[in-house]
Amino acid sequence: MKKLLAVCACTVLSLSLSGCSLGTVLEQITSTGDVSVEEPSSPESAATEPKSRVYMDEISGTLQDFSGSQLILNKGEASYVFNLSGATLECKDGMITGDEISVIYEGQLSGTDTSTVQTLKVVDEFHRKSKLKKRTAHGQVLSLTANTITLKSKKGKTATYPITGTEQYYQNGIKEGDWVYLHFKGKFPDTSQDSSASLNASHLKVLGISDLETIVIPDPTPTPPPNPEETPEEAAGKEQQFLATIQGINLNTLQILPAGSSTVQNLDMSSIPVYFKGGIAPGSHVNVTYKGVLQPDTLEGIQILAVTGEDPDTIDDKHISFTVTGVITGSTANTITVQTDDGAVDTFRTEELRNSSEASLEYGDYVQITFHPSKSKASNIYTAVQIQNA
């Protein structure tokens, strides 16, 4: 008993010398184990200022919608709207409707009220019940632009899909009314209470489009090098190629600027095989296979046989030229979102920007973004390498 009293006396003395009260120690020992971080304080203010705690927690659910600066997460019957202006997006698949994600935040939720918390990160849900599966839509083409394709299904439902950077192969050409297969990841938002004939596909990830159910690209026919001894008539009867830069697209009409020319030309793709591995982005290049005698500022007089876009897998960031133009509509700590000229809503990572000192990156700014299609094959968040005011 005397030894026990001696130990207690030493403990009290030790606490007195260290500046801690017995009550403080007991409070720490009997803590409920809340996940918190205590703000450091100076020894002078420790006795007068209460220690503030910052609570960190996470919530998991299904992504319902994403605007670029906020998201809607569904968990059971409840919906949560999180502000993402200071958060980082770290989802491997991007922000795809129907994906299982976790939102890591600072503060404490009060029911579904998120105004009391600060979002830190959005990440893939670690304990996923099911991964996103590849799905296929079969529809009739109503429109095609650089960043969107609109299809009408056999049941009469229409959907406009985002296709920035998407691989496309049309064996028999592409035009209005053609039937194509579109492979994608994600789920359409619930429209059970909506009688509209239109589906919201704005935040799906399209993986490929073709008039074939499975994209199989035939081996290219070798184009022999020019023979200086050939006459123009002999050369005109053989397959040749010229390089051009894409300016835009409207369904079957591809606008190109041939190398060495100052005149934009319209190329009809309605009945020739066309292949774009990295999508039909303005600024990217195509090889046009043809027969005939090519004139400097016209495509008249030649027979177009095929169009093949460049392979982004073989291009480094310094030489990539795939671009998107649009208005900035949202941002997070590591992304910006733009509404493109043709109506798509595209999000771009900004960690790998090479030189964007001229871009103000403010809401409402009209910008041109150079992106790398090969770095976002499975994600609907693209990797931007340059941003400039357009």
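## The overall picture

Helices (H or I, at least four residues) and strands (E, at least two) are DSSP runs, numbered from the N terminus. In this chain there are 4 helices and 25 strands. We're looking at a predicted model, where local features need pLDDT of at least 70 and side-chain atom pairs count only at pLDDT 80 or more, while totals for chains, interfaces and linings use all residues. Residues are numbered from 1 along each chain as its sequence is written, and side-chain values use heavy atoms, with hydrogens and water left out.

The chain has 390 residues, and 40% of them count as buried (under 20% relative accessible area; exposed is over 50%, partly exposed is in between, with a 1.4 Å probe and protein chains only). Now for contacts, meaning heavy atoms within 4.5 Å. Take those between residues at least 6 apart in sequence: 64% of them join residues at least 24 apart.

## A barrel and a hairpin

Five strands make a closed barrel here, running S21-S22-S23-S25-S24 with mixed pairing (two strands pair if DSSP finds at least two bridges between them). From one strand to the next, the twist averages 60° (axes are lines fitted to C-alpha atoms, for helices over the stretch in contact, and angles run from 0 to 180 degrees between N-to-C directions). Strand S21 (residues 323-331) pairs with strand S24 (residues 366-372) in the antiparallel sense, over 5 bridges. Gly326 sits opposite Val367 in S24.

Strands S3 (residues 70-75) and S4 (residues 78-83) are also an antiparallel pair, with 6 bridges. They form a hairpin with 2 residues between them, and Gly76 in that turn has a positive phi of about 65°. Lys75 stands opposite Ala78 in S4.

## The cavity

Rolling a probe the size of a water molecule over the atoms shows where empty space is left. A cavity is a set of points on a 1 Å grid, over the protein atoms alone, where a 1.4 Å probe fits but cannot get out; lining residues have an atom within 4 Å of a point. Grid points are joined across faces, edges and corners, and a volume is the space filled by probe spheres set on the points.

How many cavities of 30 Å³ or more turn up? The count is 1, and the largest cavity holds about 110 Å³ of space. Its lining has 15 residues, with Ser202, Leu204, Val345, Asp346 and Asn380 nearest the centre. Strands S14 (205-210), S23 (345-349) and S25 (381-389) each supply at least two lining residues; S23 gives the most, with 3.

Lys205 is in strand S14. Is Lys205 buried or exposed? At 3% relative accessibility, Lys205 is buried. Leaving out neighbours within four places in sequence, its contacts include His183, Phe184, Asn380 and Tyr382. Lys134 is 71 residues away from Lys205 in sequence, yet their C-alpha atoms are 9.5 Å apart.

Trp179 belongs to strand S12 (residues 179-185) and is partly exposed, at 34% relative accessible area. Not counting residues up to four places away in sequence, Trp179 touches several others, among them His138, Lys152 and Asp211.

Leu251 lies in the loop between strands S15 (240-250) and S16 (253-258). Leu251 is not a glycine, but has a positive phi, near 55°. With a relative accessible area of 11%, Leu251 is buried.

Methods:
1 Å grid on protein atoms, 1.4 Å probe; cavity = no way out; pocket = protein on both sides within 12 Å on 5 of 7 lines; lining within 4 Å.
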